[in-house]
Amino acid sequence: MKVSEQWLREWGDPDLSSIELAAQLTMAGLEVDHLEPAAPAFEQVVVGRVVDLVPHPDADRLQVVTVDVGQAAPLHIVCGAPNVAVGMCAPTALVGAVLPGGLAIKKSKLRGVESQGMLCSARELGLAESSDGLLPLPADSPPGQSVRELLGLDDVIIEIELTPNRGDCLGMEGVAREVAVLNRCDFQPLAVEATPPALDAAFPVTLLDPADCPRYVGRVIRGVDPMAETPLWMKERLRRAGIRSLGPLVDVTNYVMLELGQPMHAFDLNRLTGGIEVRRARPGDRLELLNGVVIEPDVETLLITDHQGPLALAGIMGGEISSCTDATRDVFLESAFFAPASIAGRARRYGLQTDSSYRFERGVDPQLQRRAAERATRLLIDM
């Protein structure tokens, strides 16, 4: 598990260096495999706000962008990014900046037009393996502020190898609680308030195998904005945990899993029929998983189904038939407790290992489900 030290210290902040904290965790049984920086080194990259852009006079795919970087005069930068737009904020490498890989930014001319810096993508800053354009920064970012400071990139990632009996530390809250106990320091658990229902919609749930799934919390959320975007702070926390952002619905469920240790799943409500049933597989059941693989689960496998058939491998992976897409407007959130014995070995049987199965195999807190559902609900509403 990858733990952001910066995030961890928001829960409890002992008077220890990164190395001392790592050694303490290892001696407590949470073996630290290694430490690594949250972002590669770069300097003189600041927030720039695009105030104007005009087509390059001699290149169809380039534009000359006027950028406010908090200095007395704006910069003029030649840029070919497809998403550059007036009003957006983006990382701006000043003349003299050195980017990951040793790229030094100098004054230059591109097709006869002087460029006084460089507008940057996440890939160019070493924050992603690929990118389709500039990295959009929050609209209220102050021009001239260091991007490292804005995004909190001077962080350390602590990679922990957990033994199977420490499923309680597969969330930030669990690791932070451990650190607080070890150091007898203040611990700030996440305050989660219930969201009062605003509509009467419900979707029935039937537990046909209660020994394997004794607790299943569901919530209906209607009217999701398909154009909403995951905020950059959440994308950054997911990235530091080794999880790629896939859009708000998936990102929220992954974020709550990292934060509290409770795996969750979001179904497209309008692709469900009748009601949810949690049961063992039956002869003839087939399921196309989110990774495109079609399986015929054996009768020992626990499934999430509706009245038409299988929707997901319980505690392991969702199915394509009920997945959320860019067109999803109504959502059914799942937050369940699956007995470890019902999940152990099942993922490997199908050639899988997921963040969800890793946690359920080791045991999730059976009292966490409603709290996680409330947390996910609040995050989605706020987006």
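## Overall make-up of the chain

Contact here means heavy atoms within 4.5 Å. Among contacts in the chain between residues at least 6 apart in sequence, 70% join residues that are at least 24 apart. The structure is a predicted model, in which local features need pLDDT of at least 70 and side-chain atom pairs count only at pLDDT 80 or more, while totals for chains, interfaces and linings use all residues. Residues are numbered from 1 along each chain as its sequence is written, and side-chain values use heavy atoms, with hydrogens and water left out.

The chain contains ten helices and 21 strands, where helices (H or I, at least four residues) and strands (E, at least two) are DSSP runs numbered from the N terminus. Its C-alpha atoms fill a box of roughly 70 × 50 × 40 Å, taken along the principal axes. Of the 383 residues in the chain, 51% are buried; buried means under 20% relative accessible area, exposed means over 50%, and partly exposed lies in between, with a 1.4 Å probe and protein chains only.

## Nonpolar cores

A nonpolar core is a set of buried Ala, Val, Leu, Ile, Met, Phe, Trp, Tyr and Cys residues joined through side-chain atoms within 4.5 Å. The largest such core has 74 residues, and those touching the most other members are Ile-160, Tyr-216, Ile-276, Ile-304, Leu-313, Phe-332 and Phe-338. Helix H6 gives this core its largest share, seven residues. Apart from it lies another core, of 20 residues, including Phe-42, Ile-105, Met-118 and Leu-137.

When residues up to four places away in sequence are not counted, Ile-160 touches Met-1, Val-3, Leu-25, Leu-30, Glu-31, Val-32 and Val-175.

## Helix H6 and its packing partners

Two packed helices are described by the angle between their axes and the distance between the axes. Axes are lines fitted to C-alpha atoms, for helices over the stretch in contact, and angles run from 0 to 180 degrees between N-to-C directions. Helix H5 (residues 232-240) packs against helix H6 (residues 248-260) at an angle of about 55°, with their axes 10 Å apart. That makes H5 oblique to H6, given that angles under 35 degrees count as roughly parallel, over 145 as roughly antiparallel, 65 to 115 as roughly perpendicular and the rest as oblique. The residues of the contact of H5 with H6 divide into six nonpolar, one polar and two charged, where Ala, Val, Leu, Ile, Met, Phe, Trp, Tyr, Cys and Pro count as nonpolar, Asp, Glu, Lys and Arg as charged, and the others, Gly among them, as polar.

H6 also packs with helix H10 (residues 369-382), at an angle of about 135° and with their axes 10 Å apart. H6 and H10 are therefore oblique to each other, and H6 passes H10 in a right-handed crossing. Here Pro-248, Leu-249, Val-252, Tyr-255, Val-256, Glu-259 and Leu-260 of H6 meet Arg-371, Ala-372, Arg-375, Ala-376, Leu-379 and Leu-380 of H10. The residues of the contact of H6 with H10 comprise ten nonpolar, no polar and three charged.

## The enclosed helix H9

Six of the eight residues of helix H9 (residues 355-362) are buried, so H9 is largely enclosed by the rest of the structure. The buried residues of H9 are Ser-356, Ser-357, Tyr-358, Arg-359, Phe-360 and Glu-361. Their cover includes H6, strand E21 (331-337), helix H7 (340-343) and helix H8 (346-349). Just after H9, Gly-363 takes a positive phi of about 100°.

Thr-92 is buried, with a relative accessible area of 0%, whereas Val-98 is partly exposed, at 31%. Leaving aside neighbours within four places in sequence, Val-98 is in contact with Phe-42, Glu-43, Leu-103 and Ala-104, and the contacts of Thr-92 include Val-45, Val-67, Ile-77 and Met-118.

Ala-180, found in helix H4 (residues 172-183), counts as buried at 6% relative accessibility. Ala-180 and Pro-14 are 166 residues apart in sequence and 7.4 Å apart in space, C-alpha to C-alpha.

Terms used. A crossing is left-handed if the near helix is turned anticlockwise from the far one by less than a right angle, and right-handed if clockwise.
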